[in-house]
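Hi,

Here is the structure I promised to pass on. Please have a look at it first, and then read my notes below.

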Amino acid sequence: MSRQSNRTTDSKKMNSELFTLTYGALVTQLCKDYENDEEVNKQLDKMGYNIGVRLIEDFLARSSIGRCQDFRETADVIAKVAFKMYLGVTPSVTNWSPAGDEFSLILENNPLVDFVELPDNHNTLIYSNLLCGVLRGALEMVKSTLF
Amino acid sequence: MYGMLFSIRSFVSKMSPLDMKDGFLSFQTSKYRLHYYETPSGLKFVMNTDLSVSNARETLQHIYSNLYVEYIVKNPVCVLGHNLDSELFSSRLDAFIRALPYYSPRAA
């Protein structure tokens, strides 16, 4: 029994490092191809969007969560369920705007940026912009339409 | 068929006296029963059975999470929103339906 659980924690750690390295290689290649931070940000957002559009289906299937009643519930579900499920981290939801229509997700430790340091010549690069795209794509698929 | 389902769905939501939990589940006529499952992402699953099947919601949920998500969503070649173009999905779905306890090959 203990050997089984050892194996699963080992394989999870393995996947996380491979994931971090894969993402790093992806961003590095994008920087080489486009040579322009703004363009790379845009591409990361587009890629994230395509991921998000599909990821939401997997999320809904696995978590069996129904529609959220309001935006605050949405924020909580994103931080406590979704991020936990896919990245194993729980960001904090802070900085609500007075109108209650904007908030910030603060990631204490972001698995995408483990071991990563941005050099000075990439000041405008948003390294984790893929995550923004994923959120955009996923939320766009569940925005309230009819009813 | 979409128009009919949409009308029934909004009718059910307006009729519910209190908080509507699952909404429209199924309707039946003298000949068949139509089961309906909708995901929060707007995906609609419809299954027609005979009158002996009372609740197919779990079946439809299983089809969504274990078949649709696995074989269509996770397949980058399948364009979401277009026709479901995956042989693997069709064959697995067929096998799953045939294995259902209430499926009998007598008809069809």
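About 1400 Å² is buried between chain B and chain A, with 61% of that area coming from carbon and sulfur atoms; buried area here is the accessible area (1.4 Å probe) that two parts lose on being put together, summed over both. The contact (heavy atoms within 4.5 Å) involves 13 residues of chain A and 20 of chain B. On the chain B side, B:P40, B:S41 and B:V73 provide 38% of the area this chain buries against chain A, more than any other three residues.

Before going further, some housekeeping: this is a predicted model, where local features need pLDDT of at least 70 and side-chain atom pairs count only at pLDDT 80 or more, while totals for chains, interfaces and linings use all residues. Residues are numbered from 1 along each chain as its sequence is written, chains are lettered from A and ligands numbered from 1 in the order in which they are written, and side-chain values use heavy atoms, with hydrogens and water left out.

Now to chain B itself. Its elements follow the order α-β-β-β-α-α from the N terminus; helices (H or I, at least four residues) and strands (E, at least two) are DSSP runs, numbered from the N terminus. The three strands make an open antiparallel sheet in the order β1-β2-β3, where pairing requires at least two DSSP bridges between two strands. At its edges are β1 (26-28) and β3 (44-49) of chain B, each pairing on one side only. Neighbouring strands are turned by 15 degrees against each other on average, direction ignored. Helix α1 (residues 2-15) of chain B packs on this sheet and touches β1, β2 and β3 of chain B, its direction making about 75 degrees with that of β2(B). For these angles, axes are lines fitted to C-alpha atoms, for helices over the stretch in contact, and angles run from 0 to 180 degrees between N-to-C directions. Strand β2 (residues 33-38) of chain B is joined to β3(B) by six bridges, and B:Y37 has B:F45 as its bridge partner there.

Best wishes
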